[in-house]
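This report covers a helix contact, the nonpolar cores and a sheet.

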Amino acid sequence: MSKNFYVTTPIYYVNDKPHIGHAYTTILADVLNRFYRINGYDTFFLTGLDEHGQKVQEAAKKKNIEPLEHCNKMVPQFKKLWGKLHILNDDFIRTTEIRHARVVQNILTQVFKKGDIYKDEYEGLYSISEERFITEKEAETGDFRDIKKIKEKNYFFKMSKYKSKLIEHIKSNDSFILPKSRRNEILGFLNNDLNDLCISRPKKRLSWGIELPFDKDYVTYVWFDALINYISAIGYNDDNKKFNYYWPADYHLMAKDILTTHCVYWPTMLMSCDIPLPKTIFAHGWWLMDDIKMSKSLGNVIKPLDLADKYGSDALRYYLMRNMVLGQDASFTLDSFEKRYNADLANDFGNLVNRIFILISKNFDDKIPCKNTYDELDNNFISNVEKLRDKANKNYANLKIHDGIENSISIIRLINKFLEDKAPWKTIKENKNQARTTIYLSAEALRIGTILLYPIIPEKTNLILESIKSSPSDNINFGQLKEKQTINIIKNIFPRIQD
Ligand code: ME8
């Protein structure tokens, strides 16, 4: 396996503020990025904004300002949220940047020269909410809003030409589309006729976009423009060394709403330019409110900034990562948020940290005690922690984040149980050597569990690790914690949320 790792989120529309759904995918990318980084990978994490197209033009019009001014006003809302949520992205691409537009025009020129673009007149239904032409059948589903009948001349990309090549690629690469159910969905979709893709919009209808390099009366269709961000940001046709180092991406993360654009439009565009395809396109489920998808247009959104302000960024990150089984939908409720936080973080994790720190401060003058010989209970404890540690790592690497978290929290619970069984607060009087070993092993297992939870809750775990003079990229085998090392006692790291 190569030692570099490239992960992306969708670039979000700037027609409205970010909500929990956007925060979710971005946190997920951050978790994976941190996980690979502490495991020695040279990582690159990209997020950004999709600033062209009709939706954005209309949002600006409503405010009576120019589209770019509207975008410039929206950018800080996203950046502020990512800062608040401790998102460590390496780049933030905006599709209005010159570096991006240049690559879009380069790709269009390549595809045009190859003979994969033609002009044609088209009459059909157009959904403004989805920014694309839709079939009569799709219109009947009721999933599309703002439908208009449009007749116009446009440019088309010969997407259908690559249909069988795409099917073959999906079939011979099990992890190209994940989870498996989404892969089957796309294969089902490709069983039907695949239309060519309309990739232009006449400027007289929509001027807010990147001009076609071969016809100045048209701008590029927003999806053809947006998908290219994944390669423009890492230097395609500009910084080849960087591009070849990170491409193909390890993960394009998104929710299932934009599966087709990523699994059909994007790979066929890349095929036309002879660019390798991304390794994995992963579509997670939706966050629902009262069983309905949370979405800007429905207005049923939870504001992530408010939650992070009230409960802290780690509490929100933990809940979102723990309560969604990747691939399935999940319901957001404040009640489940508070319950999850109190049970796992305040009770299990917070109490354990307090317990160990108080034991060390009371009995060992703030120094890690020296360990002595291990008895059977100690050896069993070590081996159980190691098993859970390996499971957690495996689950994180397989995108079973909620399971990885459960394994890590189980380590925390195991330490609490170990302390209760060994009761060092009692043995400290009659068998100090045993008490020392118990506390050393508990602190060491706490270090391991904390490192495993670092990608999920980086802020608080960093505090704990700093206090025991450790760091997230440290070795997670037993026996690393330095005996007699003075620690900084921290108190009440996860205060309980009161009713
Ligand atoms: O589609 N649950 O942007 P967008 C989970 N600009 N995730 C959700 C969600 C929910 N209820 N709602 C949104 C676009 N998301 C395009 C993308 S990429 C080249 C162009 C997340 O602002 C999820 O990642 O509508 C989803 O795919 C994305 O936001 C859609 O963001």
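Which residues of the largest nonpolar core touch the most other members? They are Leu320, Met321, Phe332, Phe349 and Ile401, in a core of 102 residues. A nonpolar core is a set of buried Ala, Val, Leu, Ile, Met, Phe, Trp, Tyr and Cys residues joined through side-chain atoms within 4.5 Å, where buried means under 20% relative accessible area with a 1.4 Å probe, protein chains only. Another core lies apart from it and has 62 residues, including Ile11, Ile186, Ile258 and Tyr265.

The model is predicted: local features need pLDDT of at least 70, side-chain atom pairs count only at pLDDT 80 or more, and totals for chains, interfaces and linings use all residues. Residues are numbered from 1 along each chain as its sequence is written, and side-chain values use heavy atoms, with hydrogens and water left out.

Helices (H or I, at least four residues) and strands (E, at least two) are DSSP runs, numbered from the N terminus. The axes of helix 2 and helix 3, lines fitted to C-alpha atoms over the stretch in contact, come within 8 Å and cross at roughly 95°. Helix 2 is therefore roughly perpendicular to helix 3 (65 to 115 degrees, on a 0 to 180 scale between N-to-C directions). Contact means heavy atoms within 4.5 Å.

| Helix | Residues in the contact |
|---|---|
| helix 2 (residues 54-63) | Val56, Ala59, Ala60 and Lys63 |
| helix 3 (residues 67-84) | Pro67, His70, Cys71 and Met74 |

An open sheet of 3 strands has the order 15-14-16 and mixed pairing; two strands pair if DSSP finds at least two bridges between them. Strand 15 (292-293) and strand 16 (330-331) are the edge strands. Strand 14 (residues 287-289) runs parallel to strand 16, joined by 2 bridges, and Trp287 stands opposite Ala330 in strand 16.

How values were computed:
Angles under 35 degrees count as roughly parallel, over 145 as roughly antiparallel, 65 to 115 as roughly perpendicular and the rest as oblique. Buried means under 20% relative accessible area, exposed over 50%, partly exposed in between (1.4 Å probe, protein chains only).
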